[in-house]
Each structure stands twice: as C-alpha cells, then as structure tokens.
Amino acid sequence: MAVPQPSRAEILIDTRPLWRILAERTYRPIVLSTGLAVYLMVRTMPPPEGLSPAGQKALAIFVLCLVYWVTSVLPLTVTSLLAIMLLPTTGVISAKETYALFGNEAVFFILGAFILAAALIKCGLSSRIAIAILRRFGHTPRTLLLSLFLMNAFMSFFMSEHAVAAMTFPITLEIARVLRLPREGSNYARALFLAMAWGTQIGGIATLLGGGRAPLAIGMLRETTGQSYSFAQWTLVAWPIVAMLLVAGWQVIVRFFPIDIDSVRDADAVIAQKMLRMGRPSVREKWIGLVMLATLAAWIVGGEDFGLANIALGGVIVIFLLRLLTWPDIEQYVNWGILLMYGGAIALGSAMTRSGASGWIASVTVSRWAHSPLQVVALISAIGILLTEAMSHSAVVALLMPVALGIAQQFGIDPRVMAPAVALPAGLAFTLPVGTPGNAIAYSSGYLRLRDMLVPGFVLVALAWLAFNLTVVYYWPLIGLAIAR
Amino acid sequence: MRPETHPAFLKLELAARGVVLDPSVRVHATSLRPTTGADAVARSLDLVLPDEVWVSAPVEERATAGSPFRLLADGERFFLARHDPDGAETVRIEVRAVPQPRFYERRTARGTPMWRVAAVHGSHLVINPAGACGFGLRGSPCRFCVEGARVTAERDAAAPVEDVLEVIRAAFDEGAAEFVYFNSGFFDADDGGIGFLAPYIEAVRRHFDTLIATQVHPPRDNRWVDRTYAMGVDALSYNLEIFDEDALKRYCMGRARYIGRERYLEALAHAAQVFPSGTVWTDLVVGLESSESTMRGIDALAAMAVVPVVSVFRTPEAAGPRAALDAPEVVPVLAHLYRAVKERRINMGWMRDLALGITPLEARHFAGDGARLAVAVQQLTRFRLGALAARSLARFRRRLRVRTVSESFDASHL
C-alpha cells in the first residue's frame, strides 16, 4: 500500500483566538445566507404603501445586491450577473429589456477607454511621460514630490487611476530605494507614496477617463431620464473640485509629513538613467500618442454629436488599422469583469427607477432626513464619500445612483446634478488601503503604516466633502447646473 | 478517603515499590498483561486503581523485595492489599488487572509478531516504528533507559506502515487501546524525527478515527512543529526528562549534547502555542534531581502552557535513582504539579490513562482538591459520545488553525 508523503507546502498556524478565526471563516456563508434571507423577507412582506409589486421585487434584488456588493462576499461582477439573472426571472423587466440595458453606451465607452489606456501602457508612452515630467521638474525634494503628485493627477485625467498607480508605483519605489529612505520613520517616503496614491485619486475624477464611475453614473442617468453629459461638460463640472483638492492634498501631505531630506541627487540620476535607456520615442509611441490626442479632441469637440462611445471605439479601430496593438495585448490590460459589473449595475438601476423602487427608497430614507435640495446633495455626497472609503467606487455608484435619482424626482432637483453628486464623491477614497487599488498599492510598499493614511486621509476626506459642496453651491449654478429646477 | 488509599498515592507507591503477586494470582498469569514490547522497562503489570488511575507496577521479585503491596485474586476479581511491617493488612481495595491483549499472540500478514510492532500502555497503543534510540546509537543513551542501552544487534528494522496499520486494527478491534502513541528515537535531522513518522501518522489519520499522540525530539526549526500539528498529531511531547542542566548532562548525555536543554524548552513553548491547551507535555523524572529543581521545572513548563507529567519509575537499576525516590519527598512535588497547572489554567483533561507517569489531574489528591469540573469533563471523554465529541473538536480546531501559504495569499486578495 502506498502511503503519500506529507505535503511540503508551507504551513501557517493561525494562533489567533478561535472565535476570531471562526467568525472569519463563517463570515461568507453567514453573509450569503443573510442576503438571501433579506431578499426573501422583502419579497414576501406585505407591499408597503406606495410600492408596486414590480417595485417590491426590484427592491428585493437591490437589497440582495447591496448586501453582496458592500460585503464583497461575491466578486462585484458576479453580483451584477446575479441582478441581471434575477430581473427577468422575477418579472421586474423582460429579458429582452434587461440584456438591452447591458449594451448601454457607457459600457462601450469604458471598453474603448480601457483599450486606449492599454495602448498607452503597452507602447511605453505613459511611462515616458511620467519619467519626462519627473526629469523636468524633480530636482529638489520639494519639486520631486510635487511633480510626482501632479504627474499622477495629470495622467489620471487620461487613463484609469488604477492603471496610473500601478504604472508609477515601481518608479516611486525606486526613488525611495535610491534615496535610501528607511521603511519606518521617513517622512519623505510616506509623502512620496501618499502623493502617488492621492494624486491618482484626485486626478481620476477630473474627466470621464479616470475610472468607470462617471461613465456608469452617466449611463444610469441616460437610461432613466434620457439626459447626459458630454466629455467637456463633465470636466467643466469637476475641475474646481480637482483644483481645490490638489492644493488641499499637497498641504495635507507636507504638513503631516514635513520634508526631512535635503537632496534627491541620487533619484535624479536614476530618473536620468531611465530616460536615457528609453531612447527616442518610437514610431509606435508617436502614432499612439497622436491617436490619443485626436480621440481626446474628438471627445471634447464632437462628443455630443457623435457619442463618447463611438469616438472611443473609433480610436480603438484606428489603432488596430495601424497595427499599433494586437488583440492579446488588449486581453492583458482590459478588466473585462468590470464591464460586466457596469452592465448589471445599469440594468438594476434602470429597473429600480422604472418600477418606482428607487423613489420609494428615497421617500423613506433621505427624504425624511433632508428638508431642502441642498441638504439632499450634502447628505448624498457624505454617504458616497464615506462608503467609498471601504467599498469599490463603482459599487457605491451602483448603489446610490438609483436612490439619488428617486430623491431628485421628489425634491424637484435637476436629475443631472445627481450624476456628479454621486460619482465625484465616490471617487475620493483617501483613508484606507481597501478603498481603492491605488491606496492598496501605496500601502503595499511597506513605507506607510495604516495610521499614516488614516489620520491625514480623514482630514482630506473632510476637506474634499467641503470642497465638493462649495462647488455645488457657488460654482455649478454659474455653468447652468442649478440644484433646483 | 484516607491519604494512603488515594489512588494517586497508591500509584506513586506501587510504581516505586512494585507489587508482590500472591499465589492466587499465578493462575491468571497467562491472561494478565505484562508490560512488553520494544520499550519495556521491566516486567510489570498494568493495574487500574479507583478513579481510573492506571499504574504499571513492577512485579519481578528483585524489584518488589520489601514492597508492602500484594495482589490477590478471588475468582475473576483482583484486590490490592497493603501490609504494615508486622504483616498486618491495613488496606484492601479492589482493582482491575488488565488482561494481556490477544493481539500480542498474533502475527501480521508479513509474519512479524504484533507485540514487536506495538505495546499497550494504559489506553494508548505505543508504536515505535524506528525501534531504536538515536542517542543509544551514538553511545549516549539516558542512563535510566533500558531501550537506549540495548545493543545495536537487538535493534529492529523500521516497521512497514502496513504492519503498523494491521496491528492498530487488531488492537482497536479487541478494545485493547483507544489512542495511538507514536514514538521515535531519531533526533539527528532537521525535523527531529517527525518526518520519519509522517507516513505512519497520515496512514493512521486516513484509516482510523482516533487521537494521535507523538513523542519525538525537538526539530531544529519551529516550522516542523507547525507541520506536526498540521499533519494530524493531537498531542505532542518533546521529552526533557530532567530540568536541572547539570543533572541533564549527567543522566541524559545525548539530550544535553546533541539538542540542548534550551532547544527543548523553546520547541515546547512554540508547540504549546500551536497545539490545544493541555496537549503538549514533557516528562520530568522525579528523583534524578532535587525536588526543588523539579518544582522549578514544573513552574517553568506551566508558565509556557506545557503540561509536566511526573514520571516516577524508569528502571532504577542502571542509574540508581530508586534510593532517592521516597514518597514523602515526592508528595510536595506532586501537589505543586497540580497547583501550578491549575493556576495557569491549562486543560488537564487530555492527559489520562498514563501508566508510567502521574498527570496533573491525578496529582490533585496530593493538593487536597477534588477538581470536580476537570474530572467530570475527563470522565465525559471516556464515554463513546464524549470521545467522539473530543475527536471532532480536535479535527475542527485543526481545520480552523491550519492554513497553507497559498490560502493566505488567496485570502489577502492581492
């Protein structure tokens, strides 16, 4: 009889108290069962006043997705697929309508933006831009830190903030290494990694390209009200918040972590070396840069006439026509799961609004706590900015947008206000590594302790909420975005 | 109950002074269980005293000369009688004399006598597949250890896993043992001998629903302690035997020279953090060092959550400690043993049915404490349902505690 040898896999013994391990291990089945129980409870309870039977079913699905999205017991994408599966099977909307919602323009805009960003990264143009900015401006500790902060923000105007963080992290890490910054106790190291993470967060809300939140919110807005935003309009709405946060973020970083080194000559040398190694821009880089610029221009100039998604896909097709990229390259860089997630979230949001469930939620929640349109926006933005500290940005938009649109209807608020009121705060996670991949990447460097992110991050969150509401009150009316109709 | 009739007191006395077999017992000689197998210390008889206290009492004439105890038989019943120096009987209590397991007479499919593969001690089936003490091979066995003193030619080849499984099946089928207890004399490997036992332990895990105790030497790297728990060992001993460093060097040269006292203590401390409370133990042989030193050892071990088990009888002929073993001197040590373990809130229920050592719970008699709760819990595990619950809980705990690195990466969502 053959007896197998014991496994030589590395064994870890978890010596924490058993109740803690047990709680951790049983968390998933408990949450899954809780979601199911809540779903069944909402489905079978006597219909509340003002809620149609279809609305009750949509509400049950929404609550189920809420539990699973907030707790992440299932991948966000799978929860979205669950919503897509439940909407037609429970009769909230037909299968044809459900799957048609999945083909929303926002989904294809995001797909196009992902592919264009992939082209930038793959050809090395994004790295070249990053290195060039640091080479040009980063000669003293202060200018190096500031250029890293602004460079991350700037690049997140044009590509997903997560991709920017992933791209600039190795550069930041190398700067910290060549400067021989200690892993513990170095203010400059902490400032570098916070500048990297926060720069991408702040820059990510400036345009529709910084992440999927804004396209998702616009997609849900369009499905519900038929209204939308152009590329330029969105940027016009967001830029004062970005400007204020860039100033506030810089101040928070340098005040919490005063610069404690005198020279960055070693980093300077490494950056120069990197620049030298890159050589002259290749033809491919130049063409991709050109296509990107042309696409940007088209979004700004012709976004309303031609459609953002059409322009994005047009840019993608040109890239393939010029053989600048291959399909396997795309597969490495595009997050297909997030596309499925957006499709499901848009379908659920639309079903919520059509069935009256979002209006009903609004009437029993925010409508009772807030008494004026301004209070509503302040409350929605506060909820969004707090949720996003621990939740995926897109999940926050998927949860809040249907409710926000219902509230807008009740308070007579222009529904267009709700898209930035939800999507902009949902992109501002500064305190926890779990809030966004950018924070997690910075935290993984080992130079930051949780406390280094938590305390200054909380200060920046408060400033961000303040900046957002100041913009809503004083700036948005100037560009024709009045809260009350 | 008078102090001299406490089962733990009787155990101590019987272990030290042996028991004379009355002619009435001789008619049962073939059916009684003489301690046998590879690690037999001396010819002795397993008796079960009141409160399920097991003792292995020497019965050879040279070891029992002057013993006040006599084992008598009345039909199928056995009685332990104690006589004063005048020959008057002062105590008589009924005991259980454990019959010799039937499997001792059998052979495995390969033709190996089963008694050579495993021996029953208390409720434990003790298996030493290596059949040799590594210290003995290096010429530095413990001075009180018969096994270590055996000449190389007497050593057995490693028992095949199939033989071990066959013997365990035979022992369990006839109800001769409840638990499996592996012993390995290997020490000169990074794993301290557990790697050699691993195939046996895995095979037992797959074929039997039982608890497994293991006595090996400390590995050089604590990761092996973790692996020991992960592979399915429920109770673990790195036997230090003697706490005093000088006495250890004197009596256990191999332990002192090749492993070192500090490594024993480090490995025990780590194991106590990994294994359930009360399942990591070490023997302390009383009488080889001063009582104060033994008590210091008890304190140090209890502080690390390790259970000290006081061993009172390894063959005294080689080292001559018998002369030092005097019950009145040992009583305070045993009382201290119970109090120290209780004070540290170490679970006393796991250590039971040890015929060759006094457990902290047995030592409660010397501290004048009933320890009713601990005794009741231990009693529960003697019932089928209680034993099943104990095994299930041990398995469940292991499933919760043991993780592989790949699982940790998955959980971290990196």
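Two strands count as paired if DSSP finds at least two bridges between them. The legends below describe a predicted model.

**View 1. Strands E12 and E13 of chain B run parallel.** Strand E12(B) covers residues 280–285 and strand E13(B) covers residues 307–311. Five bridges join E12(B) to E13(B). One bridge partner is Val310(B) in E13(B), which faces Leu284(B) in this pairing.

**View 2. An open sheet of eight strands in chain B.** The strand order is E7-E8-E9-E10-E11-E12-E13-E14, and the pairing is mixed. Strand E7 (118–121) and strand E14 (357–358) of chain B are the edge strands, each pairing on one side only. Strands of a sheet pair through backbone hydrogen bonds, either parallel or antiparallel.

**View 3. Helices H7 and H8 of chain A cross at roughly 150°.** Helix H7(A) spans residues 141–156 and helix H8(A) spans residues 161–178; their axes come within 9 Å. Because angles over 145 degrees count as roughly antiparallel, H7(A) is roughly antiparallel to H8(A). The crossing of H7(A) past H8(A) is right-handed.

**View 4. Residues in the contact of H7(A) with H8(A).** H7(A) contributes Leu148(A), Asn152(A), Met155(A) and Ser156(A). From H8(A) come Glu161(A), Val164(A), Thr168(A) and Thr172(A). By class, three residues of this contact are nonpolar, four are polar and one is charged.

**View 5. Chain A, the setting of H7 and H8.** Chain A has 23 helices and one strand. Of its 485 residues, 50% are buried. Among contacts in chain A between residues at least 6 apart in sequence, 82% join residues at least 24 apart.

Note on methods
Residues are numbered from 1 along each chain as its sequence is written. Chains are lettered from A and ligands numbered from 1 in the order in which they are written. This is a predicted model: local features need pLDDT of at least 70, side-chain atom pairs count only at pLDDT 80 or more; totals for chains, interfaces and linings use all residues. Axes are lines fitted to C-alpha atoms, for helices over the stretch in contact, and angles run from 0 to 180 degrees between N-to-C directions. Helices (H or I, at least four residues) and strands (E, at least two) are DSSP runs, numbered from the N terminus. Angles under 35 degrees count as roughly parallel, over 145 as roughly antiparallel, 65 to 115 as roughly perpendicular and the rest as oblique. A crossing is left-handed if the near helix is turned anticlockwise from the far one by less than a right angle, and right-handed if clockwise. Two residues are in contact if their C-beta atoms, placed from the backbone, lie within 7 Å. Ala, Val, Leu, Ile, Met, Phe, Trp, Tyr, Cys and Pro count as nonpolar, Asp, Glu, Lys and Arg as charged, and the others, Gly among them, as polar. A residue is buried if 20 or more other C-beta atoms lie within 10 Å of its own, exposed if 12 or fewer, and partly exposed in between; C-beta atoms are placed from the backbone.
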